[in-house]
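The following note concerns charged side chains and their surroundings. Please read the numbered points alongside the structure shown here.

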Amino acid sequence: MTDSILQALSQPEPHVADPLHELLRRGASDLIAKAVEAELSTFLAQYADQHLEDGRQAVVRNGYLPERTVQTGIGDVRVQVPKVRDRRGAGVRFNSSLLPPYLKQVRSVEELIPWRYLKGVSTGDYQEALSARLGD
């Protein structure tokens, strides 16, 4: 077990205000990528026995959708969802349950918006809204 996922942090880059936050975002991005890859593997296993007449797999992995960001409680996280190709033309598509199409914010962030609105944006009283979701 010599493989380590820990990375040494150098001096923070000028545009990075908080290196710990950046590390958490990178870790979240990596974790999401691994989870979506596992989800894709399960999806492709469902079609593993389906082949074309020439013996090739009917449903295969075919790169990634364009990279996008998802707004989370720790900030924007970059994600990339893999895509599949159905060589038969039957319309088989992979949609991640973790990262559905058009997801821009995770639910925890979406739930904060009504609280912020009710507490009053102009008063700046975010304490109750944030502590309800993030704790004291």
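1. Arg85 touches Ala58, Val59, Val60 and Asn62, residues up to four places away in sequence being left out of the count; contact here means heavy atoms within 4.5 Å. Arg85 itself belongs to strand β4 (residues 82–86), where strands (E, at least two residues) and helices (H or I, at least four) are DSSP runs numbered from the N terminus. With a relative accessibility of 46%, Arg85 counts as partly exposed (buried is under 20% relative accessible area, exposed over 50%, partly exposed in between; 1.4 Å probe, protein chains only).

2. On the basis of these values: this is a predicted model, in which local features need pLDDT of at least 70 and side-chain atom pairs count only at pLDDT 80 or more, while totals for chains, interfaces and linings use all residues. Residues are numbered from 1 along each chain as its sequence is written, and side-chain values use heavy atoms, with hydrogens and water left out.

3. How many salt bridges does a search of the whole structure find? The search returns 5, a salt bridge being a side-chain nitrogen of Lys or Arg within 4 Å of a carboxyl oxygen of Asp or Glu. Side chains of opposite charge can pair when their charged atoms come close.

4. Glu37 and Arg61 form a salt bridge in which the closest N and O atoms are 2.6 Å apart. This pair links distant parts of the chain, with Glu37 in helix α1 and Arg61 in strand β1 (residues 59–64), 24 residues apart. Glu37 is partly exposed at a relative accessible area of 24%, and Arg61 is likewise partly exposed, at 35%.

5. Glu22 is partly exposed at 25%, as is Arg25 at 22%.

6. A further salt bridge joins the side chains of Glu67 and Arg78 (3.4 Å, N to O). This pair also links distant parts of the chain: Glu67 is in the loop between β1 and β2 (68–72), and Arg78 is in strand β3 (residues 75–79), 11 residues apart. Glu67 is partly exposed at 47% relative accessibility, whereas Arg78 is exposed, with a relative accessible area of 54%.
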